[in-house]
Amino acid sequence: VPVSEVPGGFTAYVEARGRALWRAAWLLTGDPALAEDLVQTALAKAWPHYDRVAANGSFEAYVRRALVTTYASWWGRRWRGELPTEPPADRPALAADPELAHDVRRALAGLSPRQRAVVVLRYFEDLTETETAAALGCSVGSVKTHHARALAHLRGSALLFDLEEETT
Amino acid sequence: VNDPLSDRLRDAVPEPPDLTGLAGRAEATARRRRRHRRTAVVAAAAIAVVAAVATPFLVADRGGVSAGPDPATASPRTPAPDPTPPGPADCADRPSVHGDFATGTATWVRFCPLGGDAALVSDQVLTDGIAGLVDGWRSRLSTGYAHSCPAVLGAVGFRIRVGFADGTVSVIRGDTGACAGAVGQHQGLEGVASVFDELTRGLAAAAAEGVPAGEPTTPLRCPARAGDVPVTSNSSSPPADAGPLLDLPATGGVVCRYSAEAAPVSHRSLDAETAESVRVALAGSFDAPGGGYVRYGGTRPQPAFVVLLRDASGNSRAFRISGRQHRVALFRGSPAAPGPLGKAGEQLLYAVTGSYG
């Protein structure tokens, strides 16, 4: 039986989790259209395994891993996106706080793909170091290293500079 | 992790767009990939069988694998061109004697990309018509590039080395983000963008000399869908492994306009001048600061363009410009992959969309 015909199957999962996946993808790519492409690609990779993986209750983790590995592979193919110098005037104001969204995009754009993925998984998805390591397919020690380097970089950005001023 | 950083990330994320049909699209993509994979496996198996059957016969015909070519029947070798171009042996060499860019008599120019395979213009040397070209650069390059120039992700660095009659060399530094213009000790130059454009044109024009005109080819036709790029083709020999950029000047082209990447809704021909402008822009031209976002009309879904360029030898290249939510991506190469438009930016879009008047 095709997965899509299973009541509450793959389609129901995407309807329930698609928006959350898109948000994580936006933080990874910094671009709405690319985020949608990334989610669709990750779901396409995960779909053939839905029956087997969902039976174990681990489809969410499977999709998340597909998301970050696909993102990393896109980066390897030299898709860099662009770093805007200022918010374009004609861009639809999708974010509640466009300036903050701009700062976040700029700050995250300076991270390596792994560092960026660690930040998104740890601070947006609220994963533990162990869960993050599983999603990235690396060791916990590697996650700690990427995490430390990412924060060191973000401290020099407008994003965390303000935060540190607030706390001092 | 409960951290102010978490709060900021959550506050920054925009509202997702309408994702209706996402599951269906993902499923369709997965099915398509599965079909392609099966086709590839079958094709590989067929090739392996053919090779296994044919190889013994081929080896027998040649009298053994190790026999090598028969000197008596081997075609005469044409003399190899001088492998050593003027100037430094390669771009990695640093010139030992710095020339005076303002007054020296230029005899050669070498373009040295720093971006590896990211560079669309390869390491090349130009020797003809150099004096006039460099004289123009002297008047165009000027110091006093005062306004801030933030780095552009993905910008490809390059060096343009200018060799003079006395053996000295000057180096013009730049990148396709138009930030790092410098020559000699002078930091901050404006005009490096036009130098890059002129050299890109000059290198192609030099490469075209002596190249016989290609056979009349079939007209460039718009692909049925914008997503069908690449449609790189040549009537006689599809350059499947060729780079994404024509090496010779473009002599014409076609711009196909699509609505939501469906069937082409219209197309326009490009004259040689416009086609060459598009080719040069595609090589990594420069964008005004602010670059990744380019105004691209206000309708949704926004149009997509497929541009087909052809050179004098009959080779052609195609690339696609697609935009969604005021964001434009450039698809090129084989297989076509999305890439940043940034450097080409407005210049490229103007050349393409401007062809629609």
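What percentage of the 357 residues in chain B is made up of buried residues? Buried residues account for 41% of chain B. Please keep in mind throughout that this is a predicted model.

**Stop 1: chain B as a whole**

Select chain B and display its secondary structure, which comes to 6 helices and 14 strands. Its accessible surface is about 18,400 Å², and carbon and sulfur atoms hold 55% of that area. Next, consider the contacts in chain B between residues at least 6 apart in sequence: 69% of them join residues at least 24 apart.

**Stop 2: confidence**

Colour chain B by pLDDT. The mean is 67, and 54% of the residues of chain B reach 70 or more. Which elements of chain B mark the lowest and the highest mean pLDDT? Strand 7 (residues 186–187) of chain B has the lowest, at 50, while strand 1 (residues 106–113) of chain B has the highest, at 86.

Now select residues 231–242 of chain B, where the pLDDT is below 50. Beyond near neighbours in sequence, this stretch has 18 contacts in the model. Residues 285–300 of chain B also have a pLDDT under 50; for these residues the model has 58 contacts beyond four places in sequence. For the complex, the predictor gives an ipTM of 0.81 and a pTM of 0.47.

**Stop 3: strand 1 of chain B**

Return to strand 1 of chain B and show its surroundings. Why can strand 1 of chain B be described as largely enclosed by the rest of the structure? The reason is that 6 of its 8 residues are buried.

Strands 1 and 4 of chain B run antiparallel and are joined by 7 bridges. To see one such pairing, select B:Pro113, whose bridge partner in strand 4 of chain B is B:Phe158.

**Stop 4: helix 4 of chain B**

Select residues 192–208 of chain B, which form helix 4 of that chain. The buried residues of helix 4 of chain B include B:Val192, B:Val195, B:Phe196, B:Leu199 and B:Leu203. In an α-helix there are 3.6 residues a turn, so residues three or four places apart point the same way.

Is B:Leu203 buried or exposed? With a relative accessibility of 5%, B:Leu203 counts as buried. Display B:Asp128 together with B:Leu203: the two are 75 residues apart in sequence, and their C-alpha atoms are 9.7 Å apart in space. Just after helix 4 of chain B, select B:Gly210, which takes a positive phi of about 85°.

**Stop 5: chain A as a whole**

Move to chain A, whose secondary structure comes to 9 helices and 0 strands. Of its 168 residues, 50% are buried. Chain A exposes about 7,400 Å², with 52% supplied by carbon and sulfur atoms. Among its contacts between residues at least 6 apart in sequence, 59% join residues at least 24 apart.

**Stop 6: helix 4 of chain A**

Select residues 59–76 of chain A, the helix in which A:Glu60 is placed. The side chains of A:Glu60 and A:Tyr13 are joined by a polar contact of 2.7 Å. Leaving aside residues up to four places away in sequence, A:Glu60 touches A:Tyr13, A:Arg17 and A:Leu21.

A:Thr70 also has its place in helix 4 of chain A. Its relative accessible area is 0%, so A:Thr70 is buried. A polar contact of 3.0 Å links the side chain of A:Thr70 to that of A:Lys45. Beyond four places in sequence, the residues that A:Thr70 touches are A:Leu38, A:Thr41, A:Ala42 and A:Lys45.

**Stop 7: a loop in chain A**

Finally, select A:Asp126, in the loop between helix 6 (113–124) and helix 7 (129–136) of chain A. Most residues other than glycine have a negative phi. A:Asp126, although not a glycine, has a positive phi of about 60°. A:Asp126 counts as partly exposed, at 37% relative accessibility.

How values were computed: Residues are numbered from 1 along each chain as its sequence is written. Chains are lettered from A and ligands numbered from 1 in the order in which they are written. This is a predicted model: local features need pLDDT of at least 70, side-chain atom pairs count only at pLDDT 80 or more; totals for chains, interfaces and linings use all residues. Side-chain values use heavy atoms; hydrogens and water are left out. pLDDT is the predictor's confidence in each residue, from 0 to 100. Helices (H or I, at least four residues) and strands (E, at least two) are DSSP runs, numbered from the N terminus. Contact means heavy atoms within 4.5 Å. Buried means under 20% relative accessible area, exposed over 50%, partly exposed in between (1.4 Å probe, protein chains only). Accessible areas come from the Shrake-Rupley method with a 1.4 Å probe; for residues, only the protein chains shown count as cover. Two strands pair if DSSP finds at least two bridges between them. A polar contact is a pair of N or O atoms within 3.5 Å; within protein, one must be able to donate a hydrogen and the other to accept it, and residues adjacent in sequence count only if both atoms are side-chain atoms.
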